[in-house]
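Welcome! Open the structure in your viewer and keep the sequence panel beside it. We will go from stop to stop, selecting residues as we go.

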Amino acid sequence: MRGWALVHMADNKASSQKVVTRCRLYEQYLTEEAFERAAQSYGGLTKTPLLTPDED
């Protein structure tokens with residue numbers, strides 16, 4: 001398997017990207033379980049006012 005990405009830089013911001021592939025192996029990393037496992041490996045999820053400005 002292999003892939004590549006083309007990124008356009010403008011004003012120090014990267015363009016958005018989209019994966020186009022016939023390979024489906026990456027889908028196992030898109031589940032809620034995978035997200036939780038990844039979050040725990042970095043010390044868990046945190047709530048900060050910077051990420052949730054509408055909460056008191």
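Where does Leu30 lie? Select Leu30 and you will find this residue in the loop between S2 and H1. Strands (E, at least two residues) and helices (H or I, at least four) are DSSP runs, numbered from the N terminus.

A word on what you are viewing: this is a predicted model, where local features need pLDDT of at least 70, side-chain atom pairs count only at pLDDT 80 or more, and totals for chains, interfaces and linings use all residues. Residues are numbered from 1 along each chain as its sequence is written, and side-chain values use heavy atoms, with hydrogens and water left out.

Stay with Leu30, which counts as exposed because its relative accessibility is 63% (exposed is over 50% relative accessible area, with a 1.4 Å probe and protein chains only).

Next, select the loop between strand S1 (9–10) and strand S2 (13–14), where Asp11 sits. Asn12 is in the loop between S1 and S2 too. Asp11 has a positive phi, near 55 degrees, and phi of Asn12 is positive as well, near 60 degrees. Most residues other than glycine have a negative phi. Asp11 is exposed, because its relative accessibility is 74%; Asn12 is also exposed, at 78%.

Finally, colour by pLDDT, the predictor's confidence in each residue from 0 to 100. The protein chain averages 79, and 79% of the residues score at least 70.

Note on methods: Buried < 20%, exposed > 50% of the residue type's maximum accessible area, 1.4 Å probe, protein only.
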